[in-house]
Amino acid sequence: MLAGFVTPGPAGLAVAAFGWLLVLVVALDATEMWIPDALTGAIAISGVLTATILPPPLSERLIGGAAGFGALWGIGFAYRRLRGQEGLGGADPKLYGGIGLWLGWRMLPPVLLFAALIGLGIVAWRTATGRSVAHDDAVPFGAYLALAAYPALLLVIGMGA
C-alpha cells in the first residue's frame, strides 16, 4: 500500500513487489538462516528490469550490483582467510548485489550502515534483556539488509535520483 502512495501505476506495483520479495528474505533468513538463490535472482533480475520505470538509471544500478556483490563477497573471503571459518553467508553478497541493482551504487553505504545498526540494536536489546550474546552467534544479516533496503528505495524514488 505504501508503494502506491510513493509512486502510482506500474512503478508502484514494482516497488510493492520488491517489498514482498524483501519480506520473504526477512522471513526465511530470520527463521531458517537461508536465502534461496531463486529469491536473490528474482531481486536481481527485477532490479535491472525496473530501470526503465524507476530511478536510478541502469548504469548506476549495474555499478551497484557489482559493487554490492563484490564488497560483501570480499569481506566474507577476507574473514574466511583470516579466521579460518565462515563469517558471512553465501547469499548475503548476492542479496546485497541485488539490492544494488535496485538502488544503485550511491545507496549501498547507507543500506549497509543501517543494516549494521539494526544488528547492533538487536544485540543491545538481547544484552539488556539478559540474553547471552556470543561472538560466534549466527545472525541473519540478509534480513537486516532487506529491512534497510526498502526505506532506502522509497527515499531514492522520493528524491527522483
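Author: Helices here are DSSP runs of at least four residues, numbered from the N terminus, and in this predicted model the place of Leu113 is in one of them, helix H6, which spans residues 108–128.

Reader: Is Leu113 buried or exposed?

Author: Leu113 has a relative accessibility of 53%, and because exposed means over 50%, Leu113 counts as exposed. Its C-alpha atom is separated by 12 Å from that of Leu147, a residue 34 residues apart from Leu113 along the chain.

Reader: How many degrees is the angle at which H2 and H7 pack, and how far apart are their axes?

Author: Two packed helices are described by the angle between their axes and by the distance between those axes. In this model, helix H2 (residues 9–32) packs against helix H7 (residues 141–159) at about 165°, and the axes lie 7 Å apart. Because angles over 145 degrees count as roughly antiparallel, H2 is roughly antiparallel to H7, and the crossing of the two helices is left-handed.

Reader: Where is Ser46, and what does Ser46 touch?

Author: Ser46 belongs to helix H3, residues 37–49, and with a relative accessibility of 18% this serine counts as buried. Its side chain reaches the backbone oxygen of Ile43 at 3.1 Å, and, if residues up to four places away in sequence are not counted, Ser46 touches Leu21 and Trp102.

Definitions and conventions: Residues numbered from 1 in each chain as written. Predicted model: local features only at pLDDT ≥ 70, side-chain atom pairs only at ≥ 80, totals over all residues. Heavy atoms only, no water. Axes fitted to C-alpha atoms, helices over the stretch in contact; angles between N-to-C directions. Parallel < 35°, antiparallel > 145°, perpendicular 65-115°, else oblique. Left-handed = near helix turned anticlockwise from the far one by under 90°. Buried < 20%, exposed > 50% of the residue type's maximum accessible area, 1.4 Å probe, protein only. Polar contact = N/O pair within 3.5 Å; in protein donor to acceptor, adjacent residues only side chain to side chain. Contact = heavy atoms within 4.5 Å.
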